[in-house]
Structures are given as C-alpha cells and as structure tokens.
Amino acid sequence: MPKFYLTTPIYYANDVPHLGHAYTTILADTIARQHRLAGDEVRFLTGTDEHGDKIEEAARRQGVTPRQLVDAVSGKFRSLWTELAVANDDFIRTTEDRHKLAVRDILTRLHKEGHFYKAAYEGWFCTPCERFWTEKEITDGNCPNPECRRPLQKLVEENYFFRMGRHQAWLVDHIRKHPEFIQPELRRNEVLGFLAKPLGDLCISRPKSRVSWGIPLPFDGEYVTYVWFDALLNYITAIGYPFEMRTFQRWWPADLHVIGKEIVTTHCVYWPTMLAALDLPLPRTILAHGWWLVEGEKMSKSKGNVIDPAEVIARPIDSMMPERRVGPDTFRFYLLREMPPGQDASFTQERFRTTYNADLANNIGNLFSRVLTMVEKYASGKVPARPAEPSAFARSVTEELLPAIPGLLRKDRPEETIALILAHGDRANRFIEERKPWELAKKGETALLAETLYELVEFLRILSATLEPFLPTTVQQMRAAFAEAGVSGNPFRWGLLEPGRPLRKAGILFVKMGVR
Ligand code: MSP
C-alpha cells in the first residue's frame, strides 16, 4: 500500500486560531482524506509551535506564564480541528519531551560534526522590544514596530551559526531538476530568485538573557535554540527521529508540506539545508497557498475583521431555521472552492451564501432529495431494475468521472476533484429535466422510468463515496440512504446497487441559506 505523509505548519501558540490557520488545515485534511479514499496509508500531522520571543512576549502582555499560554492556545487549536471535522493522525507540540529530547540530540550531533560555529552578530537592536531588526526592515533609524518607534542601537552579540551557505549550489540544482519540489511555479521562481543572491549562514541561537523560553543549546547553556530551527524539526521528530528509526523510515521523506506563502523561505531554503546536514532525503513537495483576505481587506485585530471559524460554523444557516447550523462541511467546501491555487482569495458573506446555495443546496442537496423522493413515489422506495443500455448520462459517469477519480484523488488539487463532481451533478439534474420521470409515470412508461431512476440513484451512491473528502460529515447522511442497498467493495464502479433492495430517504442535506 503506498504511504502518504503530509503536514501543516505548526501554528504559533501565541494567539487563537483564525480563518487562515483553518484554511491550511482543511486543505491538508482534504488531501489526506483523498489519499485515504484512494487506498493509501496516510499520516497527517499538525500541531503548535510553542517557543520563542513571540510566545514570551504574548504571555508577558497577558500576565500569564508562557507555559500557561501555550497550554491554553494549543488546546484551542486542537478543539477547533475537532469541530471542523479534521482527522489528523497526530498533533505535535514543540514543548513536548518527545520533541525537545530529539532536538537536543540533533543539535549535539550537528555541533559535533562541525555544522555550527560561534561568531559575533552585529545588528540594530530595540531594547524595549528586545529584538533585532534587519537593515531592510528599518526606514529611519527608529524601531519599525508602530507601537514603539524608539531609536535603535547598534549591538554586537555572540551567537551560533549554521553553515547554511555551503548548501546553496546543490539546492539550486535540486529545485531546477524537481519541478514538483516547490508548488506552485510562482513560488518556485521566487525561491530561485532568492537563491540567485549569495546565501548566508543562519543564526540558530538566542542568548538566554534576551529570550529564555526555548530549547537550551545542549552544548552551551547560555543560549536557547532559534525558534525556526526548533520548529522545522517537528516534521521529523513527530515520526520518531532519531529514537524510533523504523517508524521514521516508514514515513520519511514527507510527501507534502502544506504551508502559506509567507513561510516559503524557511521551508524551501532553511529546511532542505538542515535535512542535508542530517543526511536525510528532502520532502517530495512543498505546496504554498495564497492568503485569505476578508471582504477584500487584510485580516487584522485592529480592523476587527478577524474571522473565527468556530463562530462561522455555529451560525444558524437561516433565521427561519435557527436549529440548523452552518456546520463544518459548508465552511470547508466554501474555502476549498473559493481559493484559486496559489492565489489570494477574499472571504465574503455574499460569496459564502451564493456558493453554498448554488453548489450544495441546489446542485447536490436538491438532486438527492428529488431523486430519493421519486424513488419512493414511483419505485416503492426500492432500487429499480438495471437498464439494459446505459443512457448518455450514465456513460458520462462511467467514461469520464469514474476513470478520472483514482488519478484525481492523488493529484493534491481538491478543487479539481470538486469541479468534476459538480459538473456531473449538473448533468444529473439536466438528465432529470430531459427524461421528466413524472411524465413517464403518467404515461405508464414504466421500463424507461425504472431505468432512469436506477441510473440516478446509482449516481447518488457514487457521489456519496466521492464526496467524502469534501463533505466528511454530510456523506454519513448520504450513505445512510444506501445502507441496505447491497453494496460492498470498491465503490467506484457502476451498477453496484442491487435491484429490489430498500433505499432510505436522506432528509434535507442542505437548507437554503437566506440573506442575513
Ligand atoms: N509557527 C510558524 C510555522 C512553523 S512551521 C515549522 C508560523 N505560524 S503561524 O501561526 O503564523 O501560522 C502561519 C500559517 O498559518 C501560514 O503559513 C498559513 O498556513 C496560515 N495562515 C495564517 N494567516 C493566513 C491567511 N490570512 N490566509 C491563509 N493562510 C494564512 O508561521
């Protein structure tokens, strides 16, 4: 059985999760579900990044300890994933022993093998903010933090450096030879542009006097590890490196790291060079998606437009039906459908409503209730007889949809799978309009009526299998309709429903969404 190991970034545990984090995790979860459906053995990892100055600062501001803060925030991420029907196989926290011990082991080895050196680091330091700023970030000699703006000081600090620069040549070569390594192409070109300039070494330590919330360097207790050097290693420590090498070798290299576009350099430059220093193979693909805006604007606390996914899914779908909630599937489906690969997208209430009504309420939901109602009315709620000859509609399912499914499920482009399924949903709805089963019933054309209904319910059954990665909770309701229909084995074959077996009605899958 092919294996598939995929990850999300580990999110900073300094603030509660929002739409952006939810999107990355939903995209990765959908890809994971697609691979499971295709028959792969999948390991899907997510987690939280819990060290460093950002966490320390946020804890100080809130008057809690870093430990209290990360425990609380990490718990919020975890429970949001449950609410959003995310089926991750593991959740790593960088403050866990399994991670810290592995990182210390790795650092000891890299240090012994000469990958690090100590040197003076000179830079612009802001004492109140307790951080260095790069030349590029500074405009006028003052701290770029808008809430600070105090004068910066030139400061020299001793630190440890990783010999990253020596990896430049082979990395460029690898990126050139493996177009699948960085996706989409726009990001790949960006990284190649970055690597056209000389690649420096990477500062991997922070003096304890400045940042104390981190993994101490095993070879120098005056320092903690730079948070990115610690965080990136989660992708291997979570699968057992370096203590459980059998498990590790089962899963590594990762097949896919899903990330947002702003952390491309850390994942496509730092990470591969770290792996090379450890003599480990590189991940197959790093997929960087775009950013979510809200009603066309950048999401920010000060604008007050940050979208809380838990709030969105708990909304009533329509004021007429307060007990029906938006729920995880609707939210997941909208995000996957709305963001073009690699580009930014804007979350708008209007599009949320129109996409839902068009694709879920009208196309899929309506099809289910129409067909199952007709089966009840014209076929006593039982699977009708199989047609002797397939219709053009059935042929489009057997010749276009079914053969495409295995390849699509492994393509890591959920929006393409969704588009193909919806196109066939449209065809099914048109097939009903053409055949007009209610007229066939009136005219007594029972054979054609049975054939039409058989093909429609058979299509619904296939839908309920193929839609699992995109509507993981609603498909349970869809599948209940076929619980006694005598189907077993690989669901992606035509003609599995046994004539005469009972079908159950599925209830209303998607209530139409009204204007709020
Ligand atoms: N802790 C680091 C990642 C370390 S991975 C070894 C980090 N954390 S983060 O909390 O800032 O999360 C960043 C990720 O969240 C982005 O890469 C992206 O996946 C997601 N998003 C955060 N805001 C986003 C949007 N507005 N839109 C889409 N996704 C964005 O960086």
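## Backbone features

Pro242 is placed in the loop between helix 8 (234-237) and helix 9 (245-251), where helices (H or I, at least four residues) and strands (E, at least two) are DSSP runs numbered from the N terminus. A cis peptide bond joins Tyr241 to Pro242, with omega about -5°. Another cis bond links Gln183 and Pro184, with omega about -10°, and Pro184 belongs to the loop between strand 7 (182-183) and helix 6. Arg149, in the loop between strand 5 (131-133) and strand 6 (153-162), has a positive phi near 60°. Most residues other than glycine have a negative phi, and most peptide bonds are trans.

## Basis of the values

The model is predicted, and local features need pLDDT of at least 70, side-chain atom pairs count only at pLDDT 80 or more, and totals for chains, interfaces and linings use all residues. Residues are numbered from 1 along each chain as its sequence is written, and side-chain values use heavy atoms, with hydrogens and water left out.

## Ligand surroundings

Of the 24 residues around the ligand, Ile10, Thr24, Asp49, Glu262 and Trp292 come nearest, a residue being near if one of its heavy atoms lies within 4 Å. A polar side-chain atom of Asp49 lies 2.8 Å from a ligand nitrogen atom, while a backbone N or O atom of Tyr12 lies 3.0 Å from a ligand oxygen atom.

## Helix pair

Arg187, Val191 and Phe194 in helix 6 meet Val264, Thr265, Cys268 and Val269 in helix 10, contact meaning heavy atoms within 4.5 Å.

Methods
Polar contact = N/O pair within 3.5 Å; in protein donor to acceptor, adjacent residues only side chain to side chain.
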